[in-house]
Amino acid sequence: MGYYKRMNVIAIPVAIALFAFMFPRCLEVLNEDLAKGVGFIGGAGIGAYLFGCLIGLSVNFILQVSNKLIRIVLLIPIGVFLLVLVWKVSLKLYYLYF
């Protein structure tokens with residue numbers, strides 16, 4: 001898999017998860033003022049995608065390391081961060097709809 005393709009494969013789900021995490025705040029700002037709300041939603045989406053790109057680039061950089069043990073040790077914090085992010089988003093979505 002190419003480096004940029006792997007970066008986008010990581011960035012898009014992270015962006016969706018972060019945007020879902022920020023969705024209640026987006027609705028709150030959108031209800032206050034339409035123009036500010038649209039700007040906030042656009043900024044939140046772009047910011048979440050760029051944050052996902054940074055995670056993807058760090059994963060690509062770590063995968064360039066030749067020693068397999070060091071590579072595994074370096075990938076563990078990124079995996080833990082993504083698991084915590086998915087857990088928090090799923091809890092927020094669960095309490096938002098139920």
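## Nonpolar surface patch

A patch is built from residues with over 30% relative accessible area and no salt bridge, with like charges joined within 9 Å and nonpolar side chains (Val, Leu, Ile, Met, Phe, Trp, Tyr) within 5 Å. Areas are Shrake-Rupley values with a 1.4 Å probe, and for residues only the protein chains shown count as cover. This is a predicted model, in which local features need pLDDT of at least 70 and side-chain atom pairs pLDDT 80 or more, while totals for chains, interfaces and linings use all residues. Residues are numbered from 1 along each chain as its sequence is written, and side-chain values use heavy atoms, without hydrogens or water.

I12, I16, I46, Y49 and L50 form a nonpolar surface patch of about 480 Å². Helices here are DSSP runs (H or I, at least four residues), numbered from the N terminus. Both α1 (3-32) and α2 (34-63) give at least two residues to the patch, and α2 has the largest share, with 3 residues.

F51 sits in helix α2 and is partly exposed at 35% relative accessibility. Beyond its neighbours within four places in sequence, F51 contacts (heavy atoms within 4.5 Å) V14, L18 and F81. F81 is 30 residues from F51 along the chain, with 13 Å between their C-alpha atoms.

## Salt bridge

The count is 1 salt bridge, defined as a side-chain nitrogen of Lys or Arg within 4 Å of a carboxyl oxygen of Asp or Glu. E28 and R25 pair at 2.7 Å, N to O. These residues are 3 apart in helix α1, so about one helical turn separates them. E28 is partly exposed at 42% relative accessibility, and R25 is partly exposed with a relative accessible area of 42%.

Methods. Buried means under 20% relative accessible area, exposed over 50%, partly exposed in between (1.4 Å probe, protein chains only).
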